[in-house]
Amino acid sequence: MFESRCGVCCNSCERKEQVHCKGCTEMKHPFWGGECGVKSCCEKKGFDHCGVCPDFPCEMLSTMGVEEGFDPKPKIAQCRIWAGESSK
């Protein structure tokens, strides 16, 4: 079962309660305000998460958070896992 659009495992996020985040699948806008391009893209295409998109992994997901020092590889790997689970 997926927990986010981009591959973040929200249920095990240490910051979830600290920032009052319910997870992007449960929120209209990200907890930080503004818009998340990955969330918007998935939802516009009608996908539960990026792993089921024919363009996966796209440039947007592959560079998400890099400027802030986050490695996108774990999120991409998680989307692959979720995509495999959903195809069973």
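Ser4 is in contact (heavy atoms within 4.5 Å) with Cys10, Cys24, Thr25, Asp48, His49 and Trp82, leaving aside neighbours within four places in sequence. Ser4 sits in the segment before helix H1. This is a predicted model, in which local features need pLDDT of at least 70 and side-chain atom pairs count only at pLDDT 80 or more, while totals for chains, interfaces and linings use all residues. Residues are numbered from 1 along each chain as its sequence is written, and side-chain values use heavy atoms, with hydrogens and water left out. The protein has three helices and zero strands.

**Ser4**

- Ser4 has a relative accessible area of 1%, so Ser4 is buried. Buried means under 20% relative accessible area, exposed means over 50%, and partly exposed lies in between (1.4 Å probe, protein chains only).
- The Ser4 side chain reaches the backbone nitrogen of Gly7 at 3.0 Å.
- That side chain of Ser4 also reaches the backbone oxygen of Val8, at 2.8 Å.
- Polar contacts are pairs of N or O atoms within 3.5 Å; within protein, one must be able to donate a hydrogen and the other to accept it, and residues adjacent in sequence count only if both atoms are side-chain atoms.

**Overall build**

- From the N terminus on, the elements run α-α-α. Helices (H or I, at least four residues) and strands (E, at least two) are DSSP runs, numbered from the N terminus.
- A compact globule with 88 residues would have a radius of gyration near 12 Å, and the protein agrees, at 12 Å. The radius is taken over C-alpha atoms, and the globule rule is 2.2 Å times the number of residues to the power 0.38.
- The C-alpha trace spans about 35 × 25 × 25 Å along its principal axes.
- Of the 88 residues, 35% are buried.
- Among contacts with a separation of 6 or more, 47% come from residues 24 or more positions apart.
- The accessible surface is about 6,000 Å², and 54% of that surface belongs to carbon and sulfur atoms. Accessible areas come from the Shrake-Rupley method with a 1.4 Å probe; for residues, only the protein chains shown count as cover.

- The buried residues of H1 are Val38, Lys39, Ser40 and Cys42. They pack against helix H2 (59-63).
- Gly46 follows H1 and has a positive phi, near 80 degrees.
- The largest nonpolar core has 10 residues: Cys6, Cys36, Val38, Cys42, Cys50, Cys53, Phe56, Leu61, Ile76 and Cys79. H1 and helix H3 (73-86) are the elements that give two or more residues to this core. A nonpolar core is a set of buried Ala, Val, Leu, Ile, Met, Phe, Trp, Tyr and Cys residues joined through side-chain atoms within 4.5 Å.
- Val38 touches Arg5, Cys6, Cys50, Met60, Leu61 and Met64, setting aside neighbours within four places in sequence.

**Two lysines**

- Lys39 lies in H1. Its relative accessibility is 4%, so Lys39 counts as buried.
- The side chain of Lys39 reaches the backbone oxygen of Met27 at 2.8 Å.
- Lys39 is in contact with Arg5, Cys24, Met27 and Lys28, apart from neighbours within four places in sequence.
- Lys16 is found in the segment before helix H1 (37-45). Lys16 is partly exposed because its relative accessible area is 23%.
- Lys16 touches Cys10, Asn11, Cys21 and Lys22, not counting residues up to four places away in sequence.
- Lys16 and Phe31 are 15 residues apart in sequence, and their C-alpha atoms are 9.5 Å apart in space.

**Cysteines**

- A disulfide is a covalent bond between the sulfur atoms of two cysteines. The rule here asks for a pair of cysteine sulfur atoms within 2.5 Å.
- By this rule the count is zero disulfides.
- Cys10 is in no disulfide, and the nearest cysteine sulfur, that of Cys24, is 5.7 Å away. At 10% relative accessibility, Cys10 counts as buried.
- Cys79 is in no disulfide either; the nearest cysteine sulfur is that of Cys50, 5.0 Å away. Cys79 counts as buried, at 0% relative accessibility.

**Backbone notes**

- Phe56 and Pro57 are joined by a cis peptide bond, with omega about -10 degrees. Pro57 lies in the loop between H1 and H2.
- His20, in the segment before H1, has a positive phi near 60 degrees, in a residue other than glycine. His20 is exposed, with a relative accessible area of 67%.
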